[in-house]
Amino acid sequence: MSDTIATVNDESEQETQTAELDRVVIRLAGDSGDGMQVAGSRFTDASAAFGNDLATLPSFPAEIRAPAGTLPGVSSFQVQIADFDILTAGDQPDVLVAMNPAALKANLADLRQGGTLIVNTEAFNERNLAKAGYEKNPLEDGSLEGYRVIKVPMESLTKEAVKDSGVKGRDVLRSKNFFALGLLAWLFHRPQEPTLEWVEQKFAARPEVVKANISAFKAGYNFGITTEATKVTYLVKPAHLPPGTYTNVTGNTALAWGLIAAAHAAKLPLFYGSYPITPASDILHELARRKNFGVRTFQAEDEIAAIGATIGAAFGGALAVTGTSGPGLALKSEGISLAVMTELPLVIVDVQRGGPSTGLPTKPEQTDLLFALYGRHGESPLPVLAAASPSDAFDVAIEAARIALKYMTPVILLSDNLIANGSEPWRLPAVDELPDISVPFATEPNGPEGHFLPYLRDVHTFARPWAVPGTPGLEHRLGGLEKEAITGNVSYDPANHQLMTDSRAWKIANIASDIPPVEVEGDEDASLLVVGWGSTLGSIRAAARRARNRGHKVATVHLRYLNPFPENLEDVLRSFDMILVPELNTGQLRRLLRAEYLIDSEGLNKVAGVPFKVAEVEDKILEMLKR
Amino acid sequence: MTTSAYTRADFQTDQEVRWCPGCGDYTILASVQNFMANMGLPKEKIVFVSGIGCSSRFPYYMNTYGMHTIHGRAPAIATGLAASRPDLSVWVVTGDGDALSIGGNHLIHALRRNIDIKILLFNNQIYGLTKGQYSPTSELGKRTKSSPMGAIDWPFNPVALALGAEATFVARTLDMDRPLTQEILERAYQHQGAAFIEIYQNCNVFNDKAFIELTGKEERVHNRIDLRHGEPIVFGPNQEKAVIFRDGRAQVVDRASADPSEILVHDETRPDPTIAFALAQLSHGPHGPTPIGIFRDAPRDTYERLMASQIAEAQQRLGAGDLEALLRSGGTWEVT
């Protein structure tokens with residue numbers, strides 16, 4: 001199977017031809033107010049309905065409405081659609097839609113040589129050209145000669161299309177994203193129904209908007225047919241995915257659903273305390289919509305209150321979860337320590353973004369790994385898990401909850417902006433096959449003479465009993481002061497502090513015996529093992545696949561569990577001559593592996609606020625294999 | 001009060017109480033334990049949550065559920081507990097540093113939300129556990145280890161702050177006045193929603209006699225203004241002083257010279273907190289004529305009731321959550 005785009009010669013053809021591709025990467029770019037995210041999502045859903053495999057990469061500025069027409073204001077949405085199981089949103093767009101000069105300038109360098117460029121010509125006026133920093137109009141100066149350019153006067157065509165819809169003034173041009181979408185639908189043989197149905201539902205309360213968007217969409221579609229905007233249209237056939245029922249899901253939505261599923265599987269009410277923060281807020285939004293599941297969402301006054309309320313809810317017997325991003329995790333640090341000391345079960349979601357400080361709020365990084373493991377005062381160990389893709393966030397959420405409840409510990413779940421806002425087709429799990437992760441509350445005294453001993457540990461898990469307020473006879477006090485083993489009374493005794501420190505560490509380390517071993521993907525007899533975690537899964541697996549297609553042997557391992565590591569990890573690492581660890585940080589996992597096992601590895605590290613291109617990982621693999 | 005099978009001893013723990021001898025906290029602990037015993041609420045339904053500071057050791061000495069948490073965060077932790085467990089009676093014990101300095105944000109938000117937690121703020125106007133720095137309620141010019149030339153921070157008036165956050169129940173009492181404290185605890189318990197009780201508490205080690213103008217035998221008759229619902233606000237050895245509301249503020253006048261119709265009649269239930277706020281401003285700290293009692297007891301919907309009603313409404317409208325349907329809610333397609 002090839003994963004390079006087919007080349008077509010369209011110059012000699014007289015009529016519009018259909019070329020079959022195995023995959024194509026499309027990027028829509030415009031002002032952050034131009035509706036590029038909406039258009040991209042609609043194209044994605046239509047492609048999902050058509051049966052393609054796909055992966056998406058939205059990119060938008062942190063500002064809600066950065067100055068119109070400027071480079072900082074450019075928002076884009078990239079989607080790769082394929083007839084096979086692709087793993088990333090693609091390195092380079094084959095097709096770029098540029099709604100204005102700034103969008104062109106910000107994205108042209110990424111467009112594949114010879115790629116298709118659809119431009120909204122009417123936005124290329126003097127004012128917009130100046131704002132984007134163009135001295136000459138790139139549509140006229142010959143600088144686009146290496147691309148197939150489709151020039152469309154999108155604004156007047158949109159105006160004409162929506163003139164009878166009833167929308168007025170500035171709203172008229174709002175529909176131009178649907179014009180562009182219509183043109184793409186024609187160019188790629190997308191079904192129209194999913195988009196039309198979505199528009200009707202979404203804007204049901206505003207019939208004039210429904211009419212305008214549908215008119216613009218159809219106008220774009222018909223513009224393709226009637227003008228033969230290009231001599232070639234493209235067809236990417238449905239992918240051969242494993243049988244099942246599929247949906248297209250983003251990571252934040254899958255994570256939120258995973259939490260609801262975890263509460264269901266734990267037979268506990270879900271409490272989600274959170275403070276709005278990019279890019280984690282959508283988890284709060286999704287859960288707030290699901291009150292009919294009994295979900296209690298609490299929008300706290302700050303990050304500290306969010307973790308505080310979550311600890312309170314955990315004490316009360318809820319499946320208690322808080323979600324945030326790096327800056328918020330920093331503020332929650334003291335609260336998480338309290339949860340470590342009180343040994344209460346909770347899940348802390350960190351949707352990582354670029355840092356330090358406010359950093360790059362809308363860009364992905366994997367720079368919080370060491371912070372998740374060690375970012376607390378005192379000896380404060382806890383389990384850390386990471387989601388590897390949007391749909392994987394569902395499973396990891398359930399697994400994080402399972403570990404939290406079984407071991408009475410806070411658990412940090414790492415996601416990142418790529419997973420959170422990216423989407424992929426997801427084969428739905430069978431709800432009745434979800435694991436039972438429920439744990440019993442303590443109901444009877446566990447000590448002599450009817451005493452309750454809140455720190456009498458389970459001999460297997462080392463978990464202490466969970467006795468929730470309201471249970472007669474088990475009244476007890478928790479707190480942040482060191483606890484005496486067994487009784488839970490305050491203790492300043494040196495030997496006790498050592499014992500409790502060791503017990504907390506052992507409890508977490510022991511979880512290694514309760515998680516699946518790592519599985520080696522690819523060639524077990526290869527000399528090179530590529531080790532990754534989190535959202536780099538797609539780039540790493542795709543790069544390894546390409547290297548294999550070139551005749552090389554490569555193996556990969558992807559870690560869901562970052563603390564503790566799976567028990568077989570050391571043996572697996574030792575069975576390869578070379579280890580490569582690609583990470584969107586300066587080498588945090590690599591440092592952990594070396595610290596844990598004294599095994600050296602090579603890093604491929606990038607902290608640019610953008611994911612790895614498959615080619616970057618592939619080049620590194622090939623370079624190492626040449627040695 | 002209701003009859004109860006409990007005695008004060010049922011609420012005492014086996015932990016040695018470790019406040020300094022003579023600390024006002026002992027009296028407050030006794031008042032709370034007596035109140036709980038009289039109240040008759042099953043003790044497993046009661047939770048005490050505290051932050052950090054001398055007063056925050058309180059939960060260790062109450063044989064109920066409890067959590068001694070981290071500095072300033074008790075209202076947030078109590079909020080999560082109360083929101084997820086409306087069946088419990090959740091009490092917060094905090095101090096002036098804990099509630100008003102490091103935890104100021106959580107306090108005002110708990111109060112504005114009207115979450116059903118009862119906040120007991122032990123105000124001794126000093127940092128005790130860290131050995132004597134000035135606190136956010138220390139008077140201007142207060143000389144302490146961290147303010148050798150006198151504090152230059154304008155102090156908070158906790159009652160005014162709570163009223164500014166539109167708390168629905170706001171009261172002030174004194175550690176020594178056990179009957180009043182118990183009466184206010186019971187009223188706070190009966191109140192639906194957040195209750196804020198400032199308790200003037202003497203720290204005999206670092207800030208002794210801070211409240212002497214309100215507790216001293218000689219002084220108190222001149223300074224203590226007892227607020228009683230439905231009664232004119234008058235005080236003094238012979239009730240010769242009165243409080244009127246004029247020019248947008250509460251003022252102390254000679255009763256004899258006042259037009260009787262002008263004398264404020266205390267009404268805890270005014271929906272608008274303006275008059276209560278004006279009363280709170282009569283004194284800035286426990287100096288001169290200072291109102292004691294319940295400033296405000298005005299009902300408003302509680303956070304947890306609104307939360308529960310939204311859940312009930314969603315379930316009625318959409319049916320109980322169906323996980324299978326949820327996973328399909330974004331549209332699906334079949335691959336065969």
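Colleague: Which residues does A:Thr116 touch, not counting residues up to four places away in sequence?

Modeller: The model is predicted. In it, A:Thr116 belongs to strand 6 (residues 116-120) of chain A, and its relative accessibility of 5% makes it count as buried. Leaving out residues up to four places away in sequence, its contacts are A:Asp94, A:Val95, A:Leu96, A:Leu111, A:Arg148, A:Ile150 and A:Tyr234.

Colleague: Is A:Val232 buried or exposed?

Modeller: A:Val232 is in strand 8 (residues 232-236) of chain A. Buried means under 20% relative accessible area. A:Val232 has 3% relative accessibility, so the residue counts as buried.

Colleague: What distance separates the C-alpha atoms of A:Val232 and A:Leu270?

Modeller: Along the chain, A:Val232 and A:Leu270 are 38 residues apart.

Colleague: What kind of aromatic pair do A:Phe43 and A:Phe188 form?

Modeller: Over all chains, the search of the whole structure gives 23 aromatic pairs. For A:Phe43 and A:Phe188, the centres are 6.0 Å apart and the angle between the planes is 85 degrees. Planes over 60 degrees apart count as edge-to-face. The pair of A:Phe43 and A:Phe188 is therefore classed, by the 60-degree cut-off, as edge-to-face.

Colleague: How many residues apart are A:Phe43 and A:Phe188?

Modeller: A:Phe43 is in helix 1 (residues 36-50) of chain A, while A:Phe188 is in the loop between helix 6 (176-187) and helix 7 (193-202) of chain A. Both A:Phe43 and A:Phe188 are buried.

Colleague: Why is the pair of B:Phe35 and B:Tyr189 edge-to-face, and what is the angle between the planes?

Modeller: The ring centres of B:Phe35 and B:Tyr189 are 6.4 Å apart. Edge-to-face needs planes over 60 degrees apart. The pair of B:Phe35 and B:Tyr189 is edge-to-face because its planes are at 70 degrees.

Colleague: Which parts of chain B does the pair of B:Phe35 and B:Tyr189 tie together?

Modeller: B:Phe35 is buried, at a relative accessible area of 0%, and B:Tyr189 is partly exposed, at 25%. In sequence, the parts tied together are 154 residues apart. They are helix 1 (residues 24-39) of chain B and helix 6 (residues 178-190) of chain B.

Colleague: Over which ring does the charged end of A:Lys105 sit?

Modeller: The charged end of A:Arg464 sits over the ring of A:Tyr455, at 5.1 Å from the ring centre. For A:Lys105, the charged end is 5.0 Å from the centre of a ring, that of A:Tyr134.

Colleague: Why are helix 9 and helix 14 of chain A oblique to each other, and at roughly what angle do the axes cross?

Modeller: The axes of helix 9 (residues 251-266) and helix 14 (residues 392-407) of chain A come within 7 Å, and the crossing is right-handed. Angles under 35 degrees would count as roughly parallel, and 65 to 115 as roughly perpendicular. Helix 9 and helix 14 of chain A are oblique because their axes cross at roughly 40 degrees.

Colleague: What is the handedness of the crossing of helix 6 and helix 8 of chain A?

Modeller: The axes of helix 6 and helix 8 (residues 207-227) of chain A come within 6 Å and cross at roughly 40 degrees. That makes helix 6 oblique to helix 8 of chain A. Residues in the contact include A:Phe178 and A:Trp186 of helix 6 and A:Phe217 and A:Tyr221 of helix 8 of chain A. The crossing of helix 6 and helix 8 of chain A is right-handed.

Definitions and conventions:
Residues are numbered from 1 along each chain as its sequence is written. Chains are lettered from A and ligands numbered from 1 in the order in which they are written. This is a predicted model: local features need pLDDT of at least 70, side-chain atom pairs count only at pLDDT 80 or more; totals for chains, interfaces and linings use all residues. Side-chain values use heavy atoms; hydrogens and water are left out. Rings of Phe, Tyr and Trp (its six-membered ring) pair if their centres lie within 6.5 Å; planes under 30 degrees apart count as stacked, over 60 as edge-to-face and the rest as tilted. Helices (H or I, at least four residues) and strands (E, at least two) are DSSP runs, numbered from the N terminus. Buried means under 20% relative accessible area, exposed over 50%, partly exposed in between (1.4 Å probe, protein chains only). A charge sits over a ring if NZ of Lys or CZ of Arg is within 6 Å of the ring centre and within 35 degrees of the ring normal. Axes are lines fitted to C-alpha atoms, for helices over the stretch in contact, and angles run from 0 to 180 degrees between N-to-C directions. Angles under 35 degrees count as roughly parallel, over 145 as roughly antiparallel, 65 to 115 as roughly perpendicular and the rest as oblique. A crossing is left-handed if the near helix is turned anticlockwise from the far one by less than a right angle, and right-handed if clockwise. Contact means heavy atoms within 4.5 Å.
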